[in-house]
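Here's a quick briefing for anyone meeting this structure for the first time. Take a look, then read on for the main points.

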Amino acid sequence: MKRLEFVRKVALGAGYVAVAGCIGACSHKTAKTEQPAKASAGPKAEPVLGFSIDLNEPKYAVLDKPGEYAYYKKVIIVRTNKGELVAFDKKCPHQGGRLYYQKETNLFKCRRHGSLFSSEGALRKGPAKKNMTAHNLAKKDGALTITPKG
């Protein structure tokens, strides 16, 4: 047997052993560690709201200009073309696509399927079937507090 042929066979054999070991390790059950039980949130957990943002932070400076928007956690905050601040869930009510604000049209648009919503969150064009989820805003001393509506 020549040296090159010997090295190839050894390398090939080592490869088989390594793959077999990996497959065997993946198929063995590992011991479960105890974890505290979690409270059931029901079929779908709602976003937790009730937070404030500092409007003096550079990333929120855009909110001083009409037609601009920013995301914070699960919310899109917009200074509409009319100059009002509004906040909505950033996910489309259709299938959860991310929404953005089009200052040219004063509409929210879903990036995934193109649903359109007014600056008040009302459905203008589907495939979505319902309005956006709106949130309350309160501005005080450079802080913007966002809380659930209703």
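Two strands pair if DSSP finds at least two bridges between them, and strands themselves are DSSP runs (E, at least two residues), just as helices are runs of H or I with at least four residues, all numbered from the N terminus. In β10, phenylalanine 51 has isoleucine 146 as its bridge partner. Keep in mind that this is a predicted model, where local features need pLDDT of at least 70, side-chain atom pairs count only at pLDDT 80 or more, and totals for chains, interfaces and linings use all residues. Residues are numbered from 1 along each chain as its sequence is written, and side-chain values use heavy atoms, with hydrogens and water left out.

**The chain overall**
- Of its 150 residues, 28% count as buried (buried is under 20% relative accessible area, exposed is over 50%, partly exposed is in between, using a 1.4 Å probe and protein chains only).

**The sheet**
- An open sheet is built from 6 strands, ordered β1-β10-β9-β4-β3-β2, with antiparallel pairing.
- At its edges sit β1 (51-54) and β2, each of which pairs on one side only.
- β1 and β10 (residues 143-148) run antiparallel and are joined by 4 bridges.

**The aromatic cluster**
- The whole structure holds 5 aromatic pairs (ring centres of Phe, Tyr or Trp, the last by its six-membered ring, within 6.5 Å; planes under 30 degrees apart are stacked, over 60 edge-to-face, the rest tilted).
- One of them is the tilted pair of phenylalanine 51 and tyrosine 72, at 4.8 Å centre to centre and 45 degrees between the planes.
- That pair links strand β1 to strand β2, with the two residues 21 apart.
- Phenylalanine 51 is buried at 10% relative accessibility, while tyrosine 72 is partly exposed at 21%.
- Tyrosine 60 and tyrosine 72 are edge-to-face, because their planes are at 65 degrees, with centres 6.3 Å apart.
- Tyrosine 60, at 2% relative accessibility, is buried.
- Put together, ring pairs join Phe51, Tyr60 and Tyr72 into a cluster.

**The salt bridge**
- What does a search for salt bridges turn up? It finds 1 in the whole structure (a side-chain nitrogen of Lys or Arg within 4 Å of a carboxyl oxygen of Asp or Glu).
- Lysine 103 and glutamate 68 form it, with their closest N and O atoms 2.8 Å apart.
- Lysine 103 is in the loop between β5 (99-102) and β6 (107-110) and glutamate 68 is in strand β2 (residues 68-72), so the pair ties together parts 35 residues apart in sequence.
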